[in-house]
Amino acid sequence: MLNRSDILSTIDMIDNQHLDIRTTTMGISLLDCADTDIQKCAEKVYDKITIKAENLVKVGCEIEKEFGIPIVNKRISVTPISLVAAACRTNDYTPIAKALDRAARTCGVNFIGGFSALVQKGFTESDKKLIDSIPQALAETEFLCSSVNVASTKAGINMDAVKRMGETVKKTAEMTKDSGGMGCAKLVIFANAVEDNPFMAGAFHGVGEPECAIHVGVSGPGVVYHALQSCKGAPFDVVAETIKKTAFKITRMGQLVAQEASKRLGVPFGIVDLSLAPTPAVGDSVARILEEMGLEVCGTHGTTAALAMLNDAVKKGGVMASNHVGGLSGAFIPVSEDEGMIAAAKSGALCLDKLEAMTCVCSVGLDMIAVPGDTPAETIAAIIADEAAIGVINTKTTAVRIIPAPGKSVGDEIEFGGLLGSAPVMPVHRFSSKAFIDRGGRIPAPMNSLKN
Amino acid sequence: MRAIVSVVGKDRKGIIAEVCSLLAENGVNVLDISQTVMQEFFTMIMLIDTEDCPLPFADLCDRLTLHGEELGLKIRTQREDIFNAMHQI
């Protein structure tokens, strides 16, 4: 029989340390839904999603019950809509956004991702239409998430797209100002976006993916935090080893759930995303793990090193536990979704510049950060450019999910509720980046040797 | 299917008998039991086989939990696979 203390430790992780499967995401290809008539295209999109994902939530709930492990979110990602809608004779893609939203509601999922475009090297006409449709699409839907990839290590940084996304973020905030700029919480700007990401708001189903696939994103900051309490004062060798072992256990559970879901749904298993995804709940914070390592407050000197070690150890532990690892894999540092990050930002210990440094060593980027509502579009674009540069040069995925909180200034707070949490408005540099952003064009792809 | 039943509650006489009767009524065979009392708290872990149980597994889980509440016990039933996955390579 299994070891008694192992059984009790699993039960304790679930009951008291917030161990859960953060998301089971079904990726669905919509490439066969193209039509010159946008209404017909929207119908095909709705029909395909609701047929493919009909049992997604039901199966998720069954697995939850039988294994006794919470699966917090069930979600859907689809082919980037700029590809699906390219044939449509229209300038506005909102009807497809609404069809996606309806499909999400019918299937009972809490987010659907893929209102996306990949423009790292340039725009197609369809990409432009999609980007122009984003503010309205996000304002008129509830479950839809949007993402745009503006840079890659192979292509460089599309600075025209960066500029456009700065403006799009501002417009989205304006159009969703009644909900505190909620639309921006569902809009991600990527560099080196991955095709199999199960996490929102940046999930989409890449063109290299199969017809349909199941991806699982695990979580467990609370479990890691708890494990580290048993090695207070120990050297980092011990800390790294403890994190690896914990990550292994968490990921094995994710792998089991992914295989089971894949079998029951008759859909191939895609990947497990090895992530430490925090929630606003006390005891489920990545910041508190860093503080447990010995930092007085997350954001102080030493934070980047602590996070680098945490991120690396999570990957090392997780990679052996799953036969296919992918997605964003790493520790997430969304400010509004992490109780410890919120506290650190409020106390002034954590600023935007430190967060930027932290994104060099972890997944994914400047995430769920509220800035003053009057921040110029060019400043937001410049923040996106900085983050894209980190991703492009370091051959990693980076992203920006930033909310210029309408009518708010530094010291205020915006409340999104649920998993999205609440965000203190953080200061940005007051000096202009306008002339830099106005140049446009493309920053060339970096060379990949002579690394210094 | 093999599953792990964990039972936690305030210690008193007859808990093992009650839980075993409950399992037997539902056609469940007990393969192994480990039980202890920690600070007046009764903790029992059982390995069960649900091969002959007429109920779907999810319904069995619900029924055991419900009856557990009537007996003042927290009964949780989980497939064995999750523990094997997490603790065995």
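Colleague: How many residues of chain A are in contact with chain B, and how many of chain B with chain A?

Modeller: Keep in mind that this is a predicted model. A contact here means that two C-beta atoms, placed from the backbone, lie within 7 Å. On that basis 19 residues of chain A are in contact with 18 residues of chain B.

Colleague: Which helices of chain A each supply at least two residues of the side that touches chain B?

Modeller: They are helix H1 (4-16), H3 and helix H9 (236-265) of chain A. By class, that side of chain A holds 8 nonpolar, 4 polar and 7 charged residues.

Colleague: Now chain A by itself. Into which domains is chain A divided?

Modeller: Domain 1 of chain A covers 22-191, and domain 2 covers 220-440. Their centres, taken over C-alpha atoms, are separated by 22 Å. The contact count between them reads like the one between chains: 40 residues of domain 1 of chain A are in contact with 39 residues of domain 2 of chain A.

Colleague: Which elements supply the side of domain 1 of chain A that touches domain 2 of chain A?

Modeller: Those with at least two residues each are strands E1 (21-28), E4 (144-152), E5 (156-158) and E6 (187-191), together with helices H3 (56-67) and H7 (159-175), of chain A. H7(A) gives the most to this side, with 11 residues. By class, the side of domain 1 of chain A that touches domain 2 of chain A has 23 nonpolar, 10 polar and 7 charged residues.

Colleague: How should I read the sheet in chain B, and in what order do its strands lie?

Modeller: Two strands pair if DSSP finds at least two bridges between them. In chain B, 4 strands form an open sheet in the order E2-E3-E1-E4, with antiparallel pairing. E2 and strand E4 (73-79) of chain B are the edge strands, each pairing on one side only. On average, neighbouring strands of this sheet are turned by 15° against each other, direction ignored. Helix H2 (residues 57-70) of chain B packs on the sheet, where H2 touches E1 and E4 of chain B, and its direction makes about 165° with that of E4(B).

Colleague: How many bridges join strand E1 of chain B to strand E3 of chain B?

Modeller: There are 9 bridges between E1 (residues 2-10) and E3 (residues 41-49) of chain B. Within E3(B), Thr43(B) is the bridge partner of Val8(B). Strand E2 (residues 29-38) of chain B is also joined to E3(B) by 9 bridges, and Met38(B) stands opposite Phe41(B) in E3(B). The hairpin of E2(B) and E3(B) has 2 residues between the strands, and there Gln39(B) takes a positive phi near 45°.

Definitions and conventions: Residues are numbered from 1 along each chain as its sequence is written. Chains are lettered from A and ligands numbered from 1 in the order in which they are written. This is a predicted model: local features need pLDDT of at least 70, side-chain atom pairs count only at pLDDT 80 or more; totals for chains, interfaces and linings use all residues. Domain bounds come from an automatic or database domain assignment. Ala, Val, Leu, Ile, Met, Phe, Trp, Tyr, Cys and Pro count as nonpolar, Asp, Glu, Lys and Arg as charged, and the others, Gly among them, as polar. Axes are lines fitted to C-alpha atoms, for helices over the stretch in contact, and angles run from 0 to 180 degrees between N-to-C directions.
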